[in-house]
Structure formats: C-alpha cells, structure tokens
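Subject: Structure for your reading, with notes

Dear colleague,

Please find the structure below, followed by notes on what was found in it. I would be glad if you read the two side by side.

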Amino acid sequence: MSTVSCVLDLHLKHDLSSGVGGKYGRLFPDLPGLECDEAQMLALGKAGAEIDVVTDDPRTDNPRIPAGHTMFGHMLAHDLTADRSLLAHHASMRRIRNFRTPRLDFESLYGAGPGGAPYLYDADDPDKFLLGADAAGAPTDLLRNRQAKAIIGDPRNDVHGILSQMHLTMLKFHNRIVDHIRTEGVPQAETFSQAQRNLRWHLQWIVLHEFLPLTAGESLTREIVKDGPHFYHAPAGHPFIPVEFADAAFRFGHSQIRLSYQLNATTSAPIFPDLAGGQPVTGARVVDWRYFLPLDSSVTPQLSKRITPHMAHTLIDLPESIVGPTPQQEYHSLACRDLLRARALHLPSGESIARHLGVRPLTPDEVGLNKHGWTCETPLWYYILREAEIRQRGERLGDVGARIVAETLVGVIDADPSSFRTEDPSWTPTLPSRRAGSFTLEDAVRFALGS
C-alpha cells in the first residue's frame with residue numbers, strides 16, 4: 001500500500017472532539033456531522049462523472065496562482081499531517097494518529113536531523129543534505145537507494161516527479177543557506193541549527209505573506225495575521241490539526257492539478273502515470289522552475305487550475321501502484337476518497353459551517369447537486385470547491401474554505417514556540433530577495449538554485 005496520505009483512511013468513525021493525544025481536532029466541535037448516502041458520493045466522484053476533467057481547457061487556468069504554488073501547498077500538507085492507519089471500513093477515529101508534529105517546522109525535510117537520521121546528510125559536511133546525482137554528477141534528483149526509492153524525510157514527497165523536484169529544491173535551499181551563513185561567521189557548532197531556523201522562518205513567511213494571500217485572500221489573511229484566529233484555539237502545549245482542514249479544506253489543491261505539465265523547454269507529461277514516483281528523474285524530466293514560477297521574464301510560467309469541483313482525470317483514475325488493491329473501482333478516484341473520508345469523519349456540511357460563520361450559504365441551485373437528485377446538504381470538501389467557483393470565480397477560496405485554511409495555518413504557526421511569530425515577532429526575511437522586506441517562493445527557488 002502506498003504511503004500517500006491523500007489516499008488512505010476512507011472510513012473513519014466520529015470519536016474525536018479535541019486534538020489532545022492524536023494531534024487531530026475540530027474547529028467546529030458543536031456542529032453535527034453531515035449524514036449522506038455513500039452511493040451518492042461515489043457517483044459524484046467517480047470516473048466519467050461531472051467532476052472528471054479529461055481535456056485541459058485554458059479557460060480553466062487560474063490567472064492568480066502559478067502552478068508552482070500547487071506543489072508548495074502539497075509539500076505543506078505533508079509537513080502538517082501524516083496518517084499511516086490502514087484502509088478500513090470500521091476504523092475508530094481514536095485510532096488515527098498524526099505522525100507529524102502539528103507545526104510548520106518542515107520535519108518532512110529534516111527528519112530526525114544529522115544525529116537521528118545521518119543517512120539524509122553529507123558525511124563530509126553533515127550540516128548539509130546529501131543529494132542524488134545524474135550520470136554526469138549533477139544534483140538533479142533526490143538521493144535514492146538501489147531500488148530507486150527516495151531517501152528523504154517523508155517518502156510521500158516522492159509520490160510524483162514534480163513534487164520530488166520541489167523537495168529537492170528545498171534541500172538545495174537549506175544547503176545554500178548553510179553556505180550563506182558561513183560567510184557571516186556563524187560558529188561551526190551553530191551552523192546547522194541556524195540554517196534550519198532560517199529555512200523554517202523564511203518558508204513560514206512565504207506561507208503567511210504569499211501563499212495565504214493568494215489562496216485565502218489578502219483581507220482575511222491580514223485580519224487573522226493581525227488579530228489571531230477566531231476558531232482555532234489550541235490548548236496550552238497541545239496544538240492540533242483540524243480535521244475540517246486536513247480532510248476537506250486543504251484538499252482544495254487537488255482541483256488545482258493540471259492534466260499535463262510543461263516540465264522544461266522540451267518535455268511535458270501528466271503526473272500519473274508518466275511522472276509517478278519511486279523512479280529516478282531522468283534528464284528530460286528535470287523540472288525547470290521557470291515554467292512554474294515567474295523567475296524569468298522570457299518564460300511565461302504555467303498556471304494552476306481554478307479552484308472548482310473538477311479534477312484532472314489522472315487523479316480520478318489513480319494507478320494501483322498509488323492506491324493499492326481496492327474492493328471497487330471508485331476507490332481509484334481521489335475525489336471519491338476525499339468525499340468518503342469526510343463522510344466517515346462526520347464533518348459538518350458546508351452550509352452549516354457557513355451559517356456558523358455568519359455568511360450566506362450557497363443555495364441548492366448554486367451548489368448544483370439538486371439536478372443529480374441530491375437529498376442532503378453539501379459535503380464540506382465539495383462545498384468549498386463550489387463556493388470558490390461561485391463566489392471567487394475559482395481564483396481563490398470563498399468564505400468557508402478561506403477561513404478554515406487561514407485560521408489553521410496561522411494557528412499552528414502561532415502555537416509553535418520556535419516559529420518566528422512566537423520567538424521573534426519583529427523578524428523580517430534576511431535572505432536576498434527581489435523586493436526589500438519581502439520574500440516569496442520565487443525568491444526561495446532562485447536562491448536555492450543560485451540564480
């Protein structure tokens with residue numbers, strides 16, 4: 001069975017009200033879970049349904065968000081949650097555990113550090129990550145064992161080739177930070193810890209000052225960053241990941257995936273099956289980030305797809321190498337899995353959360369499921385996608401989705417005693433950037449690659 005978190009744990013019962021112990025919790029513990037027919041959900045998310053996109057229409061490109069941010073968001077998800085419980089119809093929610101700390105500390109890169117995971121680091125320079133290399137010795141791939149499995153802090157970041165290249169770029173980002181701070185005379189004994197802190201703080205800055213404004217909107221992000229969350233309240237010493245975030249709202253990124261990606265000047269390919277992980281990245285498939293982020297004025301980066309209730313067919317018909325053996329074909333669909341997992345966790349409907357937030361819910365006609373004979377309110381994941389489409393033209397999240405995503409990401413950063421928001425609230429980025437006082441994903445990639 002694959003270790004990809006997005007495709008595990010379809011049927012999980014409602015047992016949880018706080019994040020203590022399992023590190024999962026609820027933003028809205030007093031709202032009842034949506035009762036909905038499983039067969040209807042399978043029909044909604046299966047191959048050939050309205051959600052299934054089989055052609056790449058340029059009109060569905062999102063002019064607001066370059067494609068690189070989709071991959072960065074995927075990496076963020078893996079850094080915050082890691083579920084390893086088995087696929088089971090009657091798993092108890094008390095039995096699921098988040099094997100990630102509920103912090104945005106990028107342990108998916110660092111593992112247990114040079115002391116606890118020395119195989120990730122260069123024995124000749126243990127402050128740096130050990131990278132893979134092509135036949136000419138160029139560091140164009142992750143370090144891999146003889147069976148081509150990536151030797152990294154989180155194997156899920158090798159689920160497909162573009163994500164593995166994002167992980168590689170972040171390893172290079174750390175290594176370049178090591179070089180940078182050595183020129184500033186940092187003591188040898190402090191080099192690794194200071195480089196790690198620099199990476200964490202700069203990436204946290206990107207989340208708060210670029211990723212969230214693009215995804216949740218500038219106004220809401222500014223409000224939550226300034227005043228703090230209204231609904232995310234972590235018990236002292238017990239930060240948690242809300243299931244409304246992990247199993248619905250942050251899965252909006254699945255709708256942003258393109259059918260095919262231009263990897264570089266000569267190669268384009270779909271993520272599955274062509275770029276499936278667990279295999280070396282060949283020279284033809286090395287990602288040129290200029291095609292994903294605005295790094296070079298002579299190259300127009302491709303865009304993410306609009307946030308709508310549609311998903312690339314490559315994710316609706318996932319290969320068995322990703323999902324493992326399944327009892328029925330619908331379980332190959334990531335849309336079905338997203339819907340069923342939310343149902344099993346008894347997440348509230350999108351409408352009930354909208355009412356709780358004091359915003360106008362979508363009408364049945366706006367949701368559009370009544371034409372399919374839908375008899376209940378809307379599953380949270382689907383609602384968030386439709387809300388983004390109806391209220392924001394699919395360019396960013398609507399009220400419900402934006403509130404859940406922004407409150408969670410700000411909340412976990414604020415609850416982390418080692419984050420820049422807690423440890424040094426006046427801190428601003430120190431690495432080179434195009435604009436003074438700012439730091440973007442584009443700046444991080446440019447610095448990592450020495451360009």
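Two strands are said to pair if DSSP finds at least two bridges between them, and the elements themselves are DSSP runs numbered from the N terminus, with helices being H or I runs of at least four residues and strands being E runs of at least two. With that in place, a hairpin joins strand 4 to strand 5 through two residues. Please bear in mind that this is a predicted model, in which local features need pLDDT of at least 70, side-chain atom pairs count only at pLDDT 80 or more, and totals for chains, interfaces and linings use all residues. Residues are numbered from 1 along each chain as its sequence is written, and side-chain values use heavy atoms, with hydrogens and water left out.

Four of the five residues of strand 5 (residues 125-129) are buried, where buried means under 20% relative accessible area, exposed means over 50%, and partly exposed lies in between, for a 1.4 Å probe and protein chains only.

Helix 7 (residues 218-227) has Leu220, Thr221, Ile224 and Val225 as buried residues. Viewed down the axis of helix 7, these buried residues fall within an arc of 125°, so they line one face of the helix; the arc is that of the directions from the helix axis to the C-beta atoms. The face turned away from this buried side carries the exposed residues Ser219, Arg222, Lys226 and Asp227. Cover for the buried residues of helix 7 comes from elements including helix 6 (191-216), helix 15 (399-414) and helix 16 (420-423), with contact meaning heavy atoms within 4.5 Å. After helix 7 comes Gly228, with a positive phi near 85°.

Helix 6 and helix 7 pack at about 130°, with their axes 7 Å apart, which makes helix 6 oblique to helix 7. Angles under 35 degrees count as roughly parallel, over 145 as roughly antiparallel, 65 to 115 as roughly perpendicular, and the rest as oblique. In this contact Leu208, Leu212, Pro213 and Ala216 of helix 6 meet Glu218, Leu220, Thr221 and Val225 of helix 7.

Helix 2 (residues 67-80) and helix 5 (residues 161-182) pack at an angle of about 75°, their axes being 10 Å apart, and helix 2 is therefore roughly perpendicular to helix 5. Gly68, Met71, Phe72, His74, Met75 and His78 of helix 2 meet Ile162, Leu163, Met166 and Met170 of helix 5.

Finally, some backbone points. Most residues other than glycine have a negative phi, and most peptide bonds are trans. Ala148, in the loop between strand 5 and helix 5, has a positive phi near 75° and is buried, with a relative accessible area of 14%. Arg393, in the loop between helix 14 (380-392) and helix 15, has a positive phi of about 55° but is exposed, at 53% relative accessible area. The peptide bond from Phe272 to Pro273 is cis, with omega near 0°, and Pro273 lies in the loop between strand 8 (268-269) and strand 9 (303-305).

With best wishes

Definitions and conventions: Axes fitted to C-alpha atoms, helices over the stretch in contact; angles between N-to-C directions.
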